[in-house]
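Here's a short walk through a few spots in this protein. Have the model open and follow along.

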Amino acid sequence: MNRKKESFIGGAMALLASSIIVKLLGALFKIPLTNLIGDSGMGLFAFAMQFFSLLFVVAAAGLPVAEAHLVSESLALGDRARARSIVKHAILVFGALALVLSAALAGFSPLLCSLLGEQDAVWCVIAIAPAVFFVTIEAALRGWYQGTGNMVPTAVSQVAEAVGKLVIGLILAKKMLDTGYGIAGASVGAVIGVTCGELLAMSYLIWSARRGIRHVLHRQIGQASALPQLFQLMVPVTLGAAVMTVSGFLDMAVIYRRLPAAGFSAAEIVAAYGAYTGMAMTLFNLPQALSNSVSVSVLPALSAAHACRNTRQERRLVTSSMRLTLLVCVPCGVGLFVFAGPLLRALFASQPRGVQTAQPLLQLLGIAEPLVGLSAIATAVLQSFGRPDLTVYSMAIACTAKFAVSFSLAAQPEINILATPIGTLVCYSIMLVFNFISIVRLMHWRPPLFRSVLRPLAASVGMVIPAWILEQRLEQMMQLTPAVFLSIVAAIPLYLALLLIFHAINAEDIRPLPGGQYMIRIFRLKDYD
């Protein structure tokens, strides 16, 4: 097998392992936090996080992608000096921009909260402001490592960020609640935990870079500035990320401004938004660990293959990335749709009102799970081909449709907040179709998407039906939480067996894994046709 292929899958596996840990730690943070401060407190927490996401997009959302593309391209062509010049300018320029944005967010937080009618969130917004600077420095350093194909520092920094958020955030939230600061104070404590997690991740990346690129910042390199090329790639990627972030921001605005027409009071709106972000979205985001890991890992490998005009390698990487994503996202989506009620009741037992709100939201989001995963891969493919502008167009069209759907449906009493996941389904369906068409036109080749979806879907349906029956039987014999846990554990080997029966896994998917050659012989797996 080609070494770049193994490097891509190896990098994806490293990031996947860290992303699984990060998602689990994130769930261990969000689930007890939601049980602690309720859906109203989670509404305040999510309110501040929307501003953080928006300013990160402005500062550096496209930076890791653009930097990784240029670094990997430079290294593929043997120009290591140019690669180092890229990271130097990225840290200096975007770090300064992020520092200004952090100060502006803290200074204007009372005005921003007043405009959106949520004065209780002022201190939450102030607490998240420094994280904009921290995460921008992280982005610049991660872009270098991703471009060199070294995913370990990125993986470790993600875990450090999650651990810091979990430990500090929960301790501070509980402390603020116990000392009489109420739900609003506990929400501030949780947000401070997020900021401390970003500080910890940034500190680790700076420490890990001490032998690799730190000296670049202290000496001149005989290279022209890479900023023009960096900006040229960043602008469309940033616009694409901005479209999605603005879409999430508009979702919040739609919920706060349109639900009164559906008969919701101000307190009910905050609670509904908290149930959506703190419960439904927490579970919905878990499977995206794989698609994010694969998309980050495939970009430098595809960029290098594209720079060397290796068409065969490009096709193999595109096919592998889609297959790996669907093998996880399809069963997770099916599982979220079927087990939405039991999962939410088991994890958020102290919040029955929020669980009732979140269950139909999570079921709709479960349907969107494979669409989101594939959209991330398709976006990375287009970016690696130097056409991030195409992703901007598809995102803009998709998010416009999403906003139109959400805005029109949210005011209807029988739909209300369900309009948000419905809009998500519409958004990612449109985006995937447009991006897939663009990939076909650029590569003059159609990825085997239908076959990649059909086999995992058949295995997922064959897995979830007996798992659901088992959960119902176990729930009659024991408490809900162990019944759900045992059913999910039993479903995993069944799903893997069905993948083998339906020939949904082949040798190229297994070979880079530890013990891969042994498993290939045991299961008699073959390579692609």
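Ile-168 sits in helix H5. Keep in mind that this is a predicted model. With a relative accessible area of 30%, Ile-168 is partly exposed, because that label covers values between the 20% and 50% cut-offs.

Helix H5, which runs over residues 152–178, gives the patch its largest share, with 4 residues.

## Glu-161, also in H5

Now move to Glu-161, which is in helix H5 as well. Is Glu-161 buried or exposed? Its relative accessibility is 19%, so Glu-161 counts as buried, since the cut-off for buried is under 20%.

What does Glu-161 touch, once residues up to four places away in sequence are set aside? The list is Glu-138, Arg-142, Gly-197, Glu-198 and Ala-201.

## Gln-363 in H11

Over in helix H11, residues 352–384, you'll come across Gln-363. Here the relative accessible area is 24%, so Gln-363 is partly exposed.

Which residues does Gln-363 contact, leaving out neighbours within four places in sequence? They are Phe-337 and Ala-340. Take Ala-340: in sequence it is 23 residues apart from Gln-363, yet in space the C-alpha to C-alpha distance between the pair is 6.1 Å.

Notes:
Residues are numbered from 1 along each chain as its sequence is written. This is a predicted model: local features need pLDDT of at least 70, side-chain atom pairs count only at pLDDT 80 or more; totals for chains, interfaces and linings use all residues. Side-chain values use heavy atoms; hydrogens and water are left out. Helices (H or I, at least four residues) and strands (E, at least two) are DSSP runs, numbered from the N terminus. Buried means under 20% relative accessible area, exposed over 50%, partly exposed in between (1.4 Å probe, protein chains only). Contact means heavy atoms within 4.5 Å.
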